[in-house]
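I opened this notebook to record what I looked up in the structure. The entries follow the order in which I took up each topic.

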Amino acid sequence: MNGKISVIMSVYNAAETLRESIESILEQTYTNWEFIICNDCSTDNTQEILDEYQTKYPDRFILLRNQENKYLAYSLNRCLEVATGEYVARMDGDDLSVKTRFEEQVAFLSSHPEYDLVGSSMQRFNQEGLADIDYKPEAPDRNYMKITVPFNHATIMTYRRVYEKLNGYTVAKRTVRGQDYDLW
């Protein structure tokens, strides 16, 4: 139970929340991971923050940079191209992960070979602080997908082989938003 995790993240003008998001990964109790981040043409100081972390943790961070804004699906596929982990975890530049997230997700996938993906509920936050919790069913089925998105995208972990079999995210006009729903 110590397979490597490739954490993939695309960022666009995320300077305000990026440090806290990255720190939540650095604090993980599960330590066998690499962090692949694609900057999708940010115009704020996102790149400077990323450069700081790569300088401080050169063996942990792989930074990619798009020459023009290509949106999330394209950027995540770029991350997947260089991922070397057995597992792939999603993260966004404004999300926080609890310290045991990776440990618990790898343990679940390792002990349940019948599952290819695991995710969790997600507590949302806004300018005023913590907001509601977005609960998802324990085991969503095809019918649930007709109603809404079955997983909180930024909480999922799956195997790299799953992304390979699906050829990653679909890059199209229709997936500029909802690339995760298309993937499910």
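Entry 1
The model is a predicted one. I began with K70, which is partly exposed because its relative accessible area is 33%, a value between the cut-offs of 20% for buried and 50% for exposed. I then looked up the partner of its side chain. K70 meets E68 in a salt bridge, with 3.9 Å from N to O. The limit for such a pair is 4 Å, and the 3.9 Å of E68 and K70 falls within it.

Entry 1. Salt bridges in the whole structure.
I asked how many salt bridges a search of the whole structure finds. The search returns 6. I noted the general principle that side chains of opposite charge can pair when their charged atoms come close. Besides the pair of E68 and K70, I examined two further pairs in detail.

Entry 2. R161 and D116.
I recorded a salt bridge between R161 and D116, whose closest N and O atoms are 3.3 Å apart. Where do R161 and D116 lie? R161 belongs to helix α6 (residues 160–166), while D116 sits in the loop between α4 (101–111) and β5 (117–118), so the pair ties together parts that are 45 residues apart in sequence. I also checked accessibility for both partners. R161 is partly exposed, at a relative accessible area of 46%, and D116 is partly exposed as well, at 36%.

Entry 3. R19 and E52.
I next looked up R19, which forms a salt bridge with E52; their closest N and O atoms are 2.8 Å apart. This pair links distant parts of the chain, with R19 in helix α1 and E52 in helix α2, 33 residues apart. R19 has a relative accessible area of 34% and is therefore partly exposed. For E52 I noted 41%, so E52 is partly exposed too.

Entry 4. Packing of α1 and α2.
In general, two packed helices are described by the angle between their axes and the distance between the axes. For helix α1 (residues 15–26) and helix α2 (residues 46–56), I recorded an angle of about 25° and axes 9 Å apart. The angle makes α1 roughly parallel to α2, because angles under 35 degrees count as roughly parallel. The crossing of α1 past α2 is right-handed.
Which residues make the contact? From α1 I listed A15, L18, R19, I22, E23 and L26, and from α2 T46, I49, L50, E52 and Y53. By class, this contact of α1 with α2 comprises 7 nonpolar, 1 polar and 3 charged residues. R19 and E52, the partners in the salt bridge, are both among the residues in this contact.

N13 is in the loop between β1 (5–11) and α1, and it is partly exposed, at 30% relative accessibility. C41 is also a residue other than glycine with a positive phi, here near 70°. C41 lies in the loop between β2 (33–39) and α2.

Entry 5. The chain as a whole.
I closed with totals. The secondary structure of the chain comprises 7 helices and 8 strands. Of its 184 residues, 42% are buried. Among contacts between residues at least 6 apart in sequence, 76% join residues at least 24 apart.

Technical notes: Residues numbered from 1 in each chain as written. Predicted model: local features only at pLDDT ≥ 70, side-chain atom pairs only at ≥ 80, totals over all residues. Heavy atoms only, no water. Axes fitted to C-alpha atoms, helices over the stretch in contact; angles between N-to-C directions. Helix = DSSP H or I, 4+ residues; strand = E, 2+ residues; numbered from the N terminus. Parallel < 35°, antiparallel > 145°, perpendicular 65-115°, else oblique. Left-handed = near helix turned anticlockwise from the far one by under 90°. Contact = heavy atoms within 4.5 Å. Nonpolar A, V, L, I, M, F, W, Y, C, P; charged D, E, K, R; others polar. Salt bridge = Lys/Arg side-chain N within 4 Å of Asp/Glu carboxyl O. Buried < 20%, exposed > 50% of the residue type's maximum accessible area, 1.4 Å probe, protein only.
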